[in-house]
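Work through the exercises below with the structure in view. Each task is followed by a solution in steps.

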Amino acid sequence: MHESSKAQQIIEIVSELMTTDPTLAKKKLTKVTLEMGRPYIVSPDSLEFYFAELIKITPWPCATLSCIESKELGPELIIKSIEVDDLDTQEDLADGNHGTKKCSDQEQCDRER
Amino acid sequence: MEITVLKNVLIKNNAIGNDNRSLFNKNKIFVANIISSPGAGKTTLLESTLAYLTSRYRVAVIEGDLYTSRDAKRLQPFNIPIVQINTEGGCHLDARMIHGAVQSLPLDNLDIILIENVGNLVCPASFDLGEDLRILMYAVTEGTDKPQKYANIFAGAEVILVNKVDLADLCHIDLSELVDEVRSVNEKAAIFPISALKQETLVEWQQFFEEKVKAKKNE
């Protein structure tokens, strides 16, 4: 159950980054990579599930979470990196919707994943 | 394009936890976070501890539960400030919840805040609330195998209260084996075998706790 709050915290952190870093203003978030050390404090599958649900109500509903194991870490969760892409259309840019419109179709979202 | 971030997921919780700690330090309030599985005896421990502490110190309690205010009602006879947090399904307290709860407490008129976390041996391990002391209560009825199964929560505790020791024989629990299991994941924690229902088993624990409170006052 605490995977949902962890997923929410990941989204809060990357949302803050995406909305405050001026170099990311014309980008859309596509992927978040999370490093986890042993012993795990969350179930990776569950965390990815909650992330996929909670990201739907952000401007980047197609973004995915990828959990990877780190030998150097202890029981921690570190957001290692994000991947971003250019916003697809002028319409996206004008609306400032960061790809929401293009990704709002669930089937397309699933295909992108 | 990949962008390196390298941020701890709990960075926000930890920042608020540190704000809480600063607030508690400023007011010289000693804060204990009591964690256990459901039914291990946290509220009974609070009843016994409050019976001892309230004649000596100004104490408040923050009660964390998924639903109901039953535990808070149990503590009402002590006539102390109590804040109930209902997480509505959430499996732990986080620093933001504590930050909200302390707003309604008379911080300039308190010596101790006791936080009863949501009953859970997994989730509360990750969340710093800004406490001075993390207490894990563990009942002998839970068996000797749990320290290694729930290693994170045992490893992070500064005090482990082994409760219901009066039931150890009935449950075929070897206390020394249980202590060995605890030590396999936490070499430093202070361990107190207690029965929260029996005041005479709590003396050593209460003295330890009181020393911590005094040390905070004298900082």
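Two residues are in contact if their C-beta atoms, placed from the backbone, lie within 7 Å. The model is predicted.

**Exercise 1.** State how many residues of chain B and of chain A the contact takes, and describe the side of chain B.

Solution. 
- Step 1: count the residues. Chain B gives 20 residues and chain A gives 21 residues.
- Step 2: assign them to elements. On the side of chain B that touches chain A, two or more residues come from each of strand 1 (2–8), helix 1 (11–26) and helix 6 (151–155) of chain B.
- Step 3: find the largest share. Strand 1 of chain B supplies it, with seven residues.
- Step 4: sort by class. This side of chain B holds 11 nonpolar, six polar and three charged residues.

**Exercise 2.** Find which strand of chain A pairs with strand 1 of chain B, and in what sense.

Solution. 
- Step 1: identify the partner. Strand 3 (residues 77–86) of chain A pairs with strand 1 of chain B.
- Step 2: The pairing is antiparallel, over five bridges.
- Step 3: locate a facing pair. B:Ile3, in strand 1 of chain B, has A:Ile82 opposite.

**Exercise 3.** Explain why the buried residues of helix 2 of chain A lie on the same side of the helix.

Solution. 
- Step 1: list the residues. A:Leu47, A:Tyr50 and A:Phe51 are buried in helix 2 (residues 44–54) of chain A.
- Step 2: name the packing partners. The buried residues of helix 2 of chain A pack against helix 1 (2–20) and strand 2 (64–69) of chain A.

Methods:
Residues are numbered from 1 along each chain as its sequence is written. Chains are lettered from A and ligands numbered from 1 in the order in which they are written. This is a predicted model: local features need pLDDT of at least 70, side-chain atom pairs count only at pLDDT 80 or more; totals for chains, interfaces and linings use all residues. Helices (H or I, at least four residues) and strands (E, at least two) are DSSP runs, numbered from the N terminus. Ala, Val, Leu, Ile, Met, Phe, Trp, Tyr, Cys and Pro count as nonpolar, Asp, Glu, Lys and Arg as charged, and the others, Gly among them, as polar. Two strands pair if DSSP finds at least two bridges between them. A residue is buried if 20 or more other C-beta atoms lie within 10 Å of its own, exposed if 12 or fewer, and partly exposed in between; C-beta atoms are placed from the backbone.
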